[in-house]
Amino acid sequence: MTAIDTAIRAAAADIELIGVTKAYDAKTVVIPQLDVALRPGEFTVVLGPSGCGKSTLLQMIAGLERVSGGKILIGGREVQNLEPKHRGCAMVFQNYALYPHMTVAENMAYSLKVAGVSKAERAERVATVAKMLGLADFLARKPGQLSGGQRQRVAIGRAIIREPGVLLFDEPLSNLDAQLRHDMRVELADLHRRIGATSVFVTHDQVEAMTLADRILILNKGHIEQFDTPKAIYHHPASIFVAKFIGSPPMNILAVTGDGSALRLADGQVVANFAGKGSFQLGIRPEDITVKAGGPIKAQIRYREDLGSHEILEADIAGQPLRIATPFGAEIDPTSTLSLSFSQARLHLFDNGTSRAISNAFDQTKSAPASVKEYQ
Ligand code: ADP
């Protein structure tokens, strides 16, 4: 532990948004109403499609954008009317926002200089942070002489050198290539474990969300669709929106009808045992479908995508598209009708009107119809 690790861990603050709203004008209501509490030291990833309000939310916490209504509390202190520099947050931007004419050391020390921190302490903190981020050999370089990954590390260094209680990240990895994104993800996760700052990380990349987050906040048109751990979001999506947003390829969603004992597709095929009646949306992930001889559910194969480690089959089932992830080496006749079994314990049921998940829809203690049970 360095002095900076210890200081940040001690400063890690909780963040509370109470009835926060944001409208740019009467027609552009970006956040209709938001209530959420982030725990001290927690790493929250805000995930959602472009334009759903992620950056606006982050900028309101940072103070770069005003709230239209509601309160923001950081460490129990109301901050929505405070200047950014008085909120105890540091921000890392997508475009790094480094000063091009300053060296790495000067970029990192700049905010300390403005705050009147002594030269000796600035030098000490720069050395500590540079060592932490593998930048010790680059301190005399200008940003133009660094790689994208190194620049992003300088931007992170510049943020943590101030020992903030809250670190805010606005899509910080999106300018990096795939390999570097992966490496930076690992570095960020490691850094978070060491310094423990309350972190809010905005992205539209589900892999970043799944790998970095303690909890993922899924935003849709300024509303919270779900706020939970990556595992809970993957295994128990609260809505069709979440189900389709997390997982690659995304969860299959099939229109089904309950006849009082089973769920049927439009062509009459039974896909699950179910006591209810009416129209529903059934969710099943591509990896929870097995191709096997004698499988009770039939689909027509349309296309195969070989990814090396596994294959994705695109099929048609009762007039609806279905994706199946098959393990490497599976014997599949590309011209035939596929025989499938759906993993019954891994089905999801959604309300046809609200698109919200129906919890405990499948009572696993009841016996499934023979045609399905046989292949569980
Ligand atoms: P995200 O980060 O999820 O992509 P943003 O928070 O940047 O989304 O934007 C949310 C919505 O607010 C978008 O529809 C965007 O066009 C709108 N918006 C953002 N900034 C402004 C602004 N300064 N004036 C008007 N509308 C804005």
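Biologist: How many nonpolar, polar and charged residues does the lining of the largest pocket have?

Modeller: This is a predicted model, and every value below is computed from it. As a general idea, rolling a probe the size of a water molecule over the atoms shows where empty space is left. In this structure, the lining of the largest pocket has 14 nonpolar, 2 polar and 5 charged residues. The volume of this pocket is about 640 Å³. Its lining is made of 21 residues, and Lys85, Cys89, Ala90, Ser111 and Arg162 are the closest to its centre.

Biologist: Which element gives the most to the lining of the largest pocket?

Modeller: Helix H3 does, with 5 residues. At least two residues each are supplied by strand E6 (89–92), helix H3 (104–114) and helix H5.

Biologist: What is the volume of the second largest pocket, and which residues lie nearest its centre?

Modeller: The second largest pocket has a volume of about 400 Å³. It is lined by 19 residues, and those nearest its centre are His235, His236, Leu347, His348 and Asn360. By class, 11 residues of this lining are nonpolar, 6 are polar and 2 are charged. Helix H8 (230–235) and strand E20 (348–351) each supply at least two residues of the lining, and the largest share, 3 residues, comes from E20.

Biologist: Which residues line the second largest cavity?

Modeller: The second largest cavity holds about 30 Å³ of space. The residues that line it are Phe43, Leu167, Phe169, Leu188, Leu191, His192, Ile195 and Ser199. Two or more of them come from each of strand E7 (166–170) and helix H6 (178–195), and H6 provides the largest share, 4 residues. This lining has 6 nonpolar, 2 polar and no charged residues.

Biologist: Let us consider the domains. How is the protein divided, and how far apart do the C-alpha centres lie?

Modeller: The protein is divided into domain 1 (3–235) and domain 2 (249–375). The C-alpha centres of domain 1 and domain 2 lie 40 Å apart. The contact takes 4 residues from domain 1 and 5 residues from domain 2.

Biologist: What area do domain 1 and domain 2 bury between them?

Modeller: In general, the size of an interface is often given as the accessible area lost when the parts come together. In this model, domain 1 and domain 2 bury about 400 Å² between them, with 23% of it on carbon and sulfur atoms. On the side of domain 1, Glu225, Tyr234 and His235 lose the most area to domain 2, together 98% of what that side buries.

Biologist: How many salt bridges are counted between domain 1 and domain 2?

Modeller: The general idea is that side chains of opposite charge can pair when their charged atoms come close. Between domain 1 and domain 2 the count is 1 salt bridge. Glutamate 225 forms a salt bridge with arginine 356, and their closest N and O atoms are 3.4 Å apart.

Biologist: How many salt bridges does a search of the whole structure find?

Modeller: The search finds 16 salt bridges. One of them joins the side chains of glutamate 163 and arginine 125, at 3.9 Å from N to O. Glutamate 163 lies in the loop between helix H5 (148–160) and E7, and arginine 125 lies in helix H4 (residues 119–132), so the pair ties together parts that are 38 residues apart in sequence.

Biologist: Backbone geometry remains to be read. Is the peptide bond from serine 248 to proline 249 cis or trans?

Modeller: This bond is cis, with omega near -5 degrees. Proline 249 is found in the loop between helix H9 (240–245) and strand E11 (252–259).

Biologist: Is the phi of lysine 221 positive or negative?

Modeller: Lysine 221 has a positive phi of about 50 degrees, although it is not a glycine. Lysine 221 sits in the loop between strand E9 (215–220) and strand E10 (223–228).

Methods. Residues numbered from 1 in each chain as written. Predicted model: local features only at pLDDT ≥ 70, side-chain atom pairs only at ≥ 80, totals over all residues. Heavy atoms only, no water. 1 Å grid on protein atoms, 1.4 Å probe; cavity = no way out; pocket = protein on both sides within 12 Å on 5 of 7 lines; lining within 4 Å. Points joined across faces, edges and corners; volume = space filled by probe spheres on them. Nonpolar A, V, L, I, M, F, W, Y, C, P; charged D, E, K, R; others polar. Domains from an automatic or database assignment. Contact = heavy atoms within 4.5 Å. Buried area = accessible area lost by both parts, 1.4 Å probe. Salt bridge = Lys/Arg side-chain N within 4 Å of Asp/Glu carboxyl O.
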